[in-house]
Amino acid sequence: MIVMKFGGSSVADAESIERVAGIVRGTLDRQPVVVVSAMAKTTNRLLQAADAAAAGDREGAHAAFDEIETYHRRESHGVVPPAGRPALDAALDPYFNELRIQLDELLATRALTPRVADAVAGFGELLASTILAFAFTHKQVDAAWVDCRRVIVTDHDFTRARPLYGPTDARLRETLRPLLRAGRVPVVGGYVGATLQGVTTTLGKEGSDFSAAIVGAALGAEEVLIWTDVDGMRTADPRIFPGAQRVRALSFGEALELSCSGAKKPHYGTLGPASRTNVPIHILDSRHPGAEGTVIGRRNPDAPPTVKSIACRENAHLISARATHGGGGCQMLASLFEVCERFRPSLMVIGPDGDLALDREDRLAEIHSALLAAVGDSAELWVTRGRTVVSVVSEDLATHPELTGRILEVGGEFKPRLVLRGVAAPVVRLLADEDQVPGLIARLHGELLPGGPEVVVE
């Protein structure tokens, strides 16, 4: 069996949903489980409605609600024939009623806690999965809607919850395997779960990819297919460097390193369950289903040594630590690395001397306190704001020093740091000001990955 995850852009409108139904219909012999994100921009719109309500903006909150409801009803009616629409509307009504109640309570309490934010944000995946299941049923796909809150069990860390794999795996197997044996296609919302007590949680940004990997690992999937609006991973962000090339294959370690270094795909959490169970992840373009994409977890051992990709984190906060007395450096570094593990991927090691980078302003105080508690009076800490960390990633950096030498030659003025272990794969990190980044990436790409965007990196 396989897991097929469709992102918000892949189910943005009726036409897109029709295309997804066709893609799924073509894989029925592989026993697919479908995981779906909220429809395009819905999560952001839900949280904007919650913000408006918490600020006492009744008109803004209700306008956002009306926009969300109108959008979902319009697009869903476009993929379900008139005879099926009353049943569809009846299935959607409870979610809209619950959402309106949540917003009205926020208007009264003005208390947008992380728990409430998760309750509001979760409606996007519940709506999308319900609509997709109805659409499939009318497109010759025997779909079975599954409530993600009943099968993805998490801790209580609202807005960035982590799965409890024991109960999650058991519930997924118990719920999905009978459906698959019956020839049905389970449709599950991504991103959303619930605690053991049934309180709604979310897995954090891009958490639907994480959900898909959790499902794939629990069921022993042949592979997890991440359907999005790009034809695989690239050697750089095309918005920064338009000449970026497609990467045919990556190791799990390379993909995790890139994800933690700022790459948009895949979600860093996706790679944990997938790598532990050796389930490959295949990133594909739902608009061009015949394209090859990128496979993660099946790196070609015969491919020539090369850099795989260049990722960047913009507007990072550089946190520097230096031992206050001789002989304390090793203990300080061990303490720093332990804190990095706790706050991954927001916190990243960028050098062997105690330099860290943080990409979340809202977590600066929390992480700074954790670092101070970890190092005590054995080190000094200071923060430099607004730098960009550029990371050049490849397993081959560990075995081909000439690659490292070329990176250091091109980026010498940017204080390069070689991190042979990184989070998961060898990497060279460079620090640059924001306006220097496009030029730096162009220079690195030209030296290390010559050729145009038509070239494919093995």
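This is a predicted model: local features need pLDDT of at least 70, side-chain atom pairs count only at pLDDT 80 or more; totals for chains, interfaces and linings use all residues.
Let me start with Arg299, which is partly exposed, with a relative accessible area of 23%; on this scale buried means under 20% relative accessible area, exposed means over 50%, and partly exposed is what falls in between, computed with a 1.4 Å probe on protein chains only. Residues are numbered from 1 along each chain as its sequence is written, and side-chain values use heavy atoms, with hydrogens and water left out.

Back to Arg299, then, and to its partner. Arg299 forms a salt bridge with Glu254, and the closest N and O atoms are 2.9 Å apart; a salt bridge here is a side-chain nitrogen of Lys or Arg within 4 Å of a carboxyl oxygen of Asp or Glu. Because Arg299 sits in the loop between strand E11 (294-296) and E12 while Glu254 sits in helix H10 (residues 252-260), the pair ties together parts that are 45 residues apart in sequence. The names H and E come from DSSP runs numbered from the N terminus, where helices (H or I) have at least four residues and strands (E) at least two. Glu254 itself is buried, with a relative accessible area of 0%.

Arg73 counts as buried, at 17% relative accessibility. Salt bridges that share partners join Glu69, Arg73, Asp89 and Asp93 into one network.

Now to the cysteines: how many disulfides does the count come to? A disulfide is counted when two cysteine sulfur atoms are within 2.5 Å, and by this rule the count comes to zero. Take Cys312 as a case: its sulfur is 15 Å from the closest cysteine sulfur, in Cys260, which is too far for a bond. Cys312 is buried, with a relative accessible area of 13%, and Cys148 is buried too, with a relative accessible area of 1%. Arg313 belongs to strand E12 (residues 309-323) and is buried, with a relative accessible area of 4%.

Let me turn to the strands. There is an open sheet of eight strands in the order E3-E4-E2-E1-E7-E10-E11-E9, with mixed pairing, where two strands pair if DSSP finds at least two bridges between them. Strand E3 (143-146) and strand E9 (249-250) stand at the edges, each with a single partner strand, so one side of each is left without a neighbour in the sheet. Further in, five bridges join strand E1 (residues 2-6) to strand E2 (residues 32-36), and these two run parallel, with Met4 standing opposite Val34 in E2.

Among the helices, H5 (residues 114-121) has six of its eight residues buried, so it is largely enclosed by the rest of the structure. Those buried residues are Val116, Ala117, Asp118, Ala119, Val120 and Ala121, and they pack against helix H2 (42-54), helix H4 (85-109), helix H6 (123-137) and strand E6 (200-202), with contact taken as heavy atoms within 4.5 Å.

I will finish with the backbone. Most residues other than glycine have a negative phi, and most peptide bonds are trans. Lys41, although not a glycine, has a positive phi of about 65 degrees; Lys41 is found in the loop between E2 and H2 and is exposed, with a relative accessible area of 67%. Arg110 has a positive phi of about 55 degrees, and Arg110 is not a glycine either; Arg110 lies in the loop between H4 and H5 and is partly exposed, with a relative accessible area of 48%.
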